[in-house]
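Take a look at the model below. We will walk through it step by step.

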Amino acid sequence: MKFGVPMIWKEPLCHTTDYYFCLSKQTGIGKNMRWVYANVPSITFPVPHSDTFPIPNCPDLSQSQTSVISQSSSTDTSDFRSDLTECQGQHEQHLLTQEELNDWVRDLELSKEKAELHASRMKQYHFLDTSVKVTYYRDRDRPYTKYYTSTDNICFCKDIPGLFEELGQPYNAHEWRLFIDSNKSSLKAVLLHNGNEKPSIPIAHAINTKESYETMVKLVKSLNYEDHDWKVCADLKVTGMLCGLQRGYTKYCCFLCFWDSRAREHHYKRKQWPERKSHTLGEGNIKYLPLIKKENILLPPLHIKLGLFKNFVKALDIEGQAFAYLRTLFENLSFAKIKEGPQIKKLLKDDKFQTYLSSVEAAAWNSFQLIVSDFLGNNKSPNYETIVENLLQNYAKMGVNMSLKIHFLHSHLNFFPENLGDVSDEHGERFHQQMKNIERRYQGNWDERMMGDYIWFLIRETDSQRNRRQSGGQTYF
Ligand SMILES: [Zn+2]
């Protein structure tokens, strides 16, 4: 540099007296042109080199670099580098592996097409590891699809032990129960885990079929039921069919005894009825050959609960305050729908409802609430027999008609399994909801690929996700 101290322009305090650039003037024209630089307080003129400001010597670069490196070779530099790496590590973007992306896709419940689109966008923005295959989702169901086959409108699992092996699970038929249920669009058979620790596995899906004996025959045959001998959990209509009983409101509708459903004078009074020991076609409303042993039937607590609730609402005085309150509480429902029993959960939580009940109705309602919490749910109270007895007495006083479900509580309390929560039909209802979502996604193409895809969603591939339960009690393999 030419000067020891350079010229410095500071910010002027005043534009008319202290502004260097405005106050510097040009004089003369052409060759005679000169600049007269203003001398104002805001500037400091440059100071030439002198003894006070000597010209600095240029350092010897080769020597200085060697010395710097030798001084800090193993200490400072390595510290600096490790700090840098650590810092980079903190901010380094984690690239998703295929397994992590798969679990994410499961969380988001994405269809194959949406999963592929999602993966391709993420790849585009460099969120994915290079090993991730975007097209993987097109055939994600393939490992499981091969265990299913379709004939005669039923898509079913042809090799259940094989499917379990594919899922890396040991197969023990006694750990699972068969749940059969249908809605308007389809009939499903699903394996529910006893104890409900493992996810539910759909093993058959029938379309355009009604809940009939013929359908049950097809189902039982295609699943090779005899080889597995599962316990069966289904509503009482299906259970009756599996035991070969005639459909509809028949006189002898209990599969365990010859209870006369029409002999109202005996209702709530006579407990013991002749047991069904043999199976004679045409006798006691037996129309078909039984498809399963009656010992293998699990009574469905959720269905019984809903049935008891329906019976209670039906017996309410329609002119009374309680029924009027129900009509205001469920204003969106028609009179007939309310009579059929509205949303049970909402009513169980509603404290006001009880205040509108008469004393007889209130006693019945209280015993219903008690049976829901202490017998038909996950808890079985030690004095459950008293609770059931009280419910029957209160229902009888209220004039509730005895249904088949009430008959089971009245005459076959011993037939209820020990741990009702472990083998309930409640998980089957949850399965229904999940199946509904996938049925919607497949829009009527309900074949092996849909079943395989459903199974794909039951798996977790990363450890952090594997043992996690999602809301709603969903579990994974
Ligand atoms: Zn019976």
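What is the geometry of the site of the zinc ion, given its 4 donor atoms? The site is tetrahedral, with angles of 98 to 122° among the donor atoms. Four donors count as tetrahedral if all angles lie between 85 and 135 degrees. The ideal angle for four tetrahedral donors is 109.5 degrees.

This is a predicted model, where local features need pLDDT of at least 70 and side-chain atom pairs pLDDT 80 or more, while totals for chains, interfaces and linings use all residues. Residues are numbered from 1 along each chain as its sequence is written, and side-chain values use heavy atoms, leaving out hydrogens and water.

Now meet the donors. They are Cys 254 (SG), Cys 257 (SG), His 407 (NE2) and His 412 (NE2), lying 2.0 to 2.2 Å from the zinc ion. Donors are N, O and S atoms within 2.8 Å of the metal (3.2 Å for Na, K and Ca); water is not among the atoms, so sites may look incomplete. Cys 257 and His 407 link distant parts of the chain, 150 residues apart. Cys 257 is buried, at 3% relative accessible area. His 407 is buried too, at 0%. Buried means under 20% relative accessible area, exposed over 50%, and partly exposed in between (1.4 Å probe, protein chains only).

Next, find strand E9 (residues 176-182). Strands are DSSP runs of E, at least two residues long. In E9, 6 of the 7 residues are buried, so the strand is largely enclosed by the rest of the structure. E9 pairs with strand E10 (residues 186-193) in the antiparallel sense over 7 bridges. Pairing takes at least two DSSP bridges. E9 also pairs with strand E12 (residues 231-234), in the parallel sense over 4 bridges.

Conventions: Four donors count as tetrahedral if all angles lie between 85 and 135 degrees; four count as square planar and six as octahedral if opposite donors are over 155 degrees apart and all others between 65 and 115; anything else is irregular.
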